[in-house]
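Let's go through this model together, one label at a time. Each reply sets a value against its cut-off.

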Amino acid sequence: MFERLGAVQMDSVNVLVRAHYLPFFSRLGPYDRTLLDTYVYEDQEAFEYWGHEASLVHAELHPLFRFRMSGDHQWSEMRRWSVEQQKLIDEIHTTVMERGPLSARELDGSSNKGPWWGWGNTKRSLEHLYYRGRVGAFRRGNFEKVYCDPAHVLSAAVLAMPTPTPADAMVALLEWAARAHGVGTAGDLADYFRFPITPTRALLEEMAGSGLLERVTIDGWKDPAYRHPDAKLPRRVDACALVSPFDSVMWERSRIERLYGFEYRIEIYVPPPKRTYGYYVLPFLLGDRYVGRVDLKAERTKSQLLVQAAWAEPGVDKKEVAARLAGELRAMTDWLGLDDVVVKQRGNLAAALRGAAR
């Protein structure tokens, strides 16, 4: 599954479970989360880097991201700051290579924080080195980011792989994005690994001309699209899944609207009085439609999966949706090691879901 997706987004929000664990639950059902940790950090089959956003990226893609590592930093303020602080950055790099793995807290121990997410100069230096690929990173304890020699998180075989040209790397990554999505516009495929749209369009046309992708026209889409040759149209879709807002299928919101007629906005950063659906809302996919959404929280002290709100999409059979959703919530409860599902009364699906959950 990791080979199919190429990258899985990470996020620090832990109101339910860390974001990178959820895409595998959505597709595979309850699984042993330690298998993913082993796959990434012990078997070195994936590494942390800026894939989409902060992501776990398949190790095979490391050479393809080296052009990003050697290019300009995506944040203009970081570009300016890194030029001014090159001596400090080099000193911290030497320290990590000699004494690492080390967290920013262990390196600095300072409470003096800067304006970027509370980052001080040590943390900024480490993140610059990480973006450049000069240090690697992994997680320990309570999701604390630890910086290290890249050889600590990447195999010698991966580090020895040849570096392609930037154009060849982008072509390979766009093919990976097309394989993951199946079909998408230039904007959809550019967003997967956060590429600028202008060079992406030109490369996709070249890829279509060479047979790597197929140009297609989709009813209702104003922009042309590209289909990966391996993408198949099944006779039927039997999906039944709670989907993370950080899942790759949800990355490009306009694609979700075009495919499913489903509008989604993550409301974590919206002030509570202005939220429509809730804080950490997972869409519910049933068959080939998004039929509802639930605001979930793992209430660990009470061993409960708390459904803070449940909403059905217009025109769906609420009784059927509630019955199928209750089964997924029970599976998630067991997977998270919790005891009960508790459904609050907010949302137009809440009453039916309470009954189904009972």
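Q: What is the volume of the largest cavity, and what makes a space a cavity here?
A: The largest cavity has a volume of about 80 Å³. On a 1 Å grid over the protein atoms alone, a cavity is a set of points where a 1.4 Å probe fits but cannot get out, and lining residues have an atom within 4 Å of a point. Grid points are joined across faces, edges and corners, and the volume is the space filled by probe spheres set on the points. By this rule there is one cavity of 30 Å³ or more.

Q: Which residues line the largest cavity closest to its centre?
A: They are Phe47, Glu48, Val135, Gly136 and Leu154, out of 13 lining residues. Strand 2 (46-50) and strand 5 are the elements that give two or more residues to this lining, and strand 2 has the largest share, with three residues.

A word on the source: this is a predicted model, in which local features need pLDDT of at least 70 and side-chain atom pairs count only at pLDDT 80 or more, while totals for chains, interfaces and linings use all residues. Residues are numbered from 1 along each chain as its sequence is written, and side-chain values use heavy atoms, with hydrogens and water left out.

Q: Why is strand 13 called largely enclosed?
A: Buried means under 20% relative accessible area, exposed over 50%, and partly exposed in between (1.4 Å probe, protein chains only). Seven of the nine residues of strand 13 (residues 304-312) are buried, so the rest of the structure largely encloses this strand. Strands (E, at least two residues) and helices (H or I, at least four) are DSSP runs, numbered from the N terminus.

Q: How do you know that strand 13 pairs with strand 12, and in which sense?
A: Two strands pair if DSSP finds at least two bridges between them. Strand 12 (residues 289-299) and strand 13 have eight bridges, in the antiparallel sense, with valine 294 opposite alanine 310. The two strands form a hairpin with four residues between them.

Q: What makes strand 14 a partner of strand 13?
A: Strand 13 and strand 14 (residues 340-343) share four bridges, in the parallel sense. Leucine 306 has valine 342 in strand 14 as its bridge partner.

Q: Why is the pair of tyrosine 277 and tryptophan 311 called edge-to-face?
A: Rings of Phe, Tyr and Trp (its six-membered ring) pair if their centres lie within 6.5 Å; planes under 30 degrees apart count as stacked, over 60 as edge-to-face and the rest as tilted. Here the centres are 5.4 Å apart and the planes are at 85°, so the pair is edge-to-face. The two residues are 34 residues apart, with tyrosine 277 in the loop between helix 13 (253-260) and strand 11 (281-286) and tryptophan 311 in strand 13.

Q: Why do tyrosine 277 and tryptophan 311 get their accessibility labels?
A: Tyrosine 277 has a relative accessible area of 26%, so this residue is partly exposed. Tryptophan 311 has 18%, so this residue is buried.

Q: How do you know that arginine 293 sits over the ring of tyrosine 277?
A: A charge sits over a ring if NZ of Lys or CZ of Arg is within 6 Å of the ring centre and within 35 degrees of the ring normal. Arginine 293 lies over the face of tyrosine 277, at 4.1 Å from the ring centre. Arginine 33 also has its charged end over a ring, that of tyrosine 21, at 5.9 Å from the centre.

Q: Why does leucine 35 count as exposed?
A: Leucine 35, in helix 3 (residues 33-42), has 56% relative accessibility, so this residue counts as exposed.

Q: What makes the peptide bond between glycine 100 and proline 101 cis?
A: Its omega is about 0°. Proline 101 belongs to the loop between helix 6 (86-99) and strand 4 (102-103).

Terms used. 1 Å grid on protein atoms, 1.4 Å probe; cavity = no way out; pocket = protein on both sides within 12 Å on 5 of 7 lines; lining within 4 Å.
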